[in-house]
Amino acid sequence: MTTSKPSAETVLDRACEQRTEPGYLEAVQRDPSHRVVLLHQGKALMNGGALSYLDPADLPAVLPAGTVTVFLGKVNDDHDHKLPATTSLVLQVLPYDAGLPEQAHVPAWVPAGAGFVTYREAAAHLHPADAEVFIQAAAVANWHTTHPCCPRCGNLTEVASAGWMRRCPVDASEHFPRTDPAIIVAIVGADQRILLANNFAWDLHRYSTVAGFAEAGESAEQAAVREIAEEVGVHLHSLEYSGSQAWPFPRSLMLGFIGYTDDVVPTPDNVEVREARWFSRDELQTAVLNGDVAISHRQSIARSLIEQWYGGPILDVGEQQ
Ligand SMILES: [Zn+2]
């Protein structure tokens with residue numbers, strides 16, 4: 001078990017140059033070897049805890065009106081994925097009101113046992129390759145769902161570039177998926193303890209790193225210092241960039257930092273943060289193992305930052321020391 005620091009490795013080759021070619025998506029879809037990922041209302045079709053990669057032959061010839069089709073990419077040669085290398089993945093984003101059977105929320109043609117699941121429900125046990133595909137699919141799907149109209153003239157835009165652009169038929173303006181930068185910080189004190197926060201939105205025993213959005217015209221470092229001062233009342237004197245994670249719920253890119261402070265007494269803002277608490281390495285591992293404290297799951301950047309401070313993997317409750 002190793003600490004998972006964000007890496008540049010990818011499951012899919014997005015083939016950004018090819019996908020802009022006219023007819024590229026249609027050619028991919030004519031090839032029966034491609035596989036289909038299905039999203040509906042932000043949930044992905046899953047089966048037995050794994051993302052479903054559907055054979056296009058099992059899909060109906062016509063999907064519900066308003067379905068958006070996106071080329072996700074080709075499985076990279078050097079990636080240990082359950083799909084063969086170079087398999088093309090196509091995303092079908094079913095419209096919000098897809099006329100799905102009210103009870104099951106699953107079209108009749110979907111394989112037995114499969115169902116739509118949110119990323120939050122699935123994340124803790126999802127294979128990292130599936131997690132990456134789910135994240136990419138959710139990001140582009142959320143953008144299509146929330147940006148149907150031209151921001152210049154208000155007309156409905158049309159999908160282009162294999163699903164990675166929308167073009168206005170009236171003024172020809174081109175629009176691309178948006179991402180909101182956010183910062184997430186593991187706060188380390190002069191005595192090497194870590195300051196973790198409990199938010200009002202969480203269970204009382206859950207503690208994590210502190211996060212917030214960068215404002216317009218603000219650098220990530222400025223946002224980190226401001227957000228940490230606002231939410232837990234300590235001043236960061238220096239920051240170390242650690243890595244990032246796409247978090248498309250609805251459209252964030254989390255920029256992870258280790259932040260250092262000489263302050264000792266935290267002051268929670270009482271708006272978002274209920275309590276901020278210092279942990280030594282031993283205290284945190286003990287509290288997690290005996291169930292007094294829960295920290296974020298292993299595929300989150302919050303966990304990655306905490307484990308970078310810790311110096312290795314932290315055992316979860318029930319795991320052997
Ligand atoms: Zn327009």
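Q: How many bridges join strand β11 to β12, and in which sense do they run?
A: This is a predicted model. In the model, 2 bridges join β11 (residues 180-188) to β12, and the strands run antiparallel. The bridge partner of Val 188 is Ile 194 in β12.

Q: What lies between β11 and β12?
A: A turn: the two strands form a hairpin with 5 residues between them. Gln 192 in that turn has a positive phi of about 75 degrees. As background, most residues other than glycine have a negative phi.

Q: Which strand pairs with β12 over 6 bridges?
A: That is β16 (residues 273-279), again in the antiparallel sense. Leu 195 stands opposite Trp 278 in β16.

Q: Is β12 buried or exposed?
A: Buried. 6 of the 6 residues of β12 (residues 194-199) are buried, so the strand is largely enclosed by the rest of the structure.

Q: Which residues are on which side of β12?
A: Ile 194, Leu 196 and Asn 198 are on one side, with Leu 195, Ala 197 and Asn 199 on the other. Both faces are covered.

Q: What do the buried residues of α6 pack against?
A: They pack against β12, β16 and α7 (301-310). The buried residues in α6 (residues 281-289) are Leu 284, Gln 285, Ala 287 and Val 288. They cover an arc of only 165 degrees around the axis, which puts them on the same side of α6. Just after the helix, Gly 291 takes a positive phi of about 85 degrees.

Q: OK, metal site. Which atoms coordinate the zinc ion?
A: SG of Cys 150, Cys 153 and Cys 168, plus OD of Asp 171, at 2.2 to 2.4 Å. The spacing of the donor residues in sequence is C-x2-C-x14-C-x2-D.

Q: What makes the arrangement around the zinc ion tetrahedral?
A: The angles do. The 4 donor atoms subtend 102 to 119 degrees, which makes the arrangement tetrahedral. The ideal angle for four tetrahedral donors is 109.5 degrees.

Q: Where do Cys 153 and Cys 168 lie?
A: Cys 153 is in the loop between α4 (128-146) and β8 (158-160), and Cys 168 is in the loop between β9 (165-167) and β10 (174-175). The pair therefore ties together parts that are 15 residues apart in sequence.

Q: And those two, buried or exposed?
A: Cys 153 is partly exposed, with a relative accessible area of 35%. Cys 168 is buried, at 1%.

Q: In what order do the 3 strands of the open sheet come?
A: The order is β8-β9-β10, with antiparallel pairing. β8 and β10 stand at the edges with a single partner strand each, so one side of each has no neighbour in the sheet. β9 and β10 pair over 2 bridges, and the bridge partner of Arg 166 in β10 is His 175.

Q: What is the phi of Ser 161?
A: Positive, about 50 degrees, although Ser 161 is not a glycine. Ser 161 is in the loop between β8 and β9. At 18% relative accessibility, Ser 161 counts as buried, since the cut-off is under 20%.

Q: Changing topic: which residues does a cis peptide bond join?
A: Phe 249 and Pro 250, with omega about 10 degrees. Pro 250 lies in the loop between β14 (236-247) and β15 (252-261).

Q: Last one: what does UniProt list for residues 177-301?
A: An unreviewed UniProt entry gives "domain: Nudix hydrolase" for that range. Over residues 177-301 the chain is 18% helix and 38% strand.

Notes. Residues numbered from 1 in each chain as written. Predicted model: local features only at pLDDT ≥ 70, side-chain atom pairs only at ≥ 80, totals over all residues. Heavy atoms only, no water. Buried < 20%, exposed > 50% of the residue type's maximum accessible area, 1.4 Å probe, protein only. Helix = DSSP H or I, 4+ residues; strand = E, 2+ residues; numbered from the N terminus. Pairing = 2+ DSSP bridges. Donors = N, O, S within 2.8 Å, 3.2 Å for Na, K, Ca; no water. Tetrahedral: all angles 85-135°; square planar, octahedral: opposite > 155°, others 65-115°. Arc of directions from axis to C-beta. Contact = heavy atoms within 4.5 Å. UniProt positions renumbered as here; feature names shortened; annotations may be inferred.
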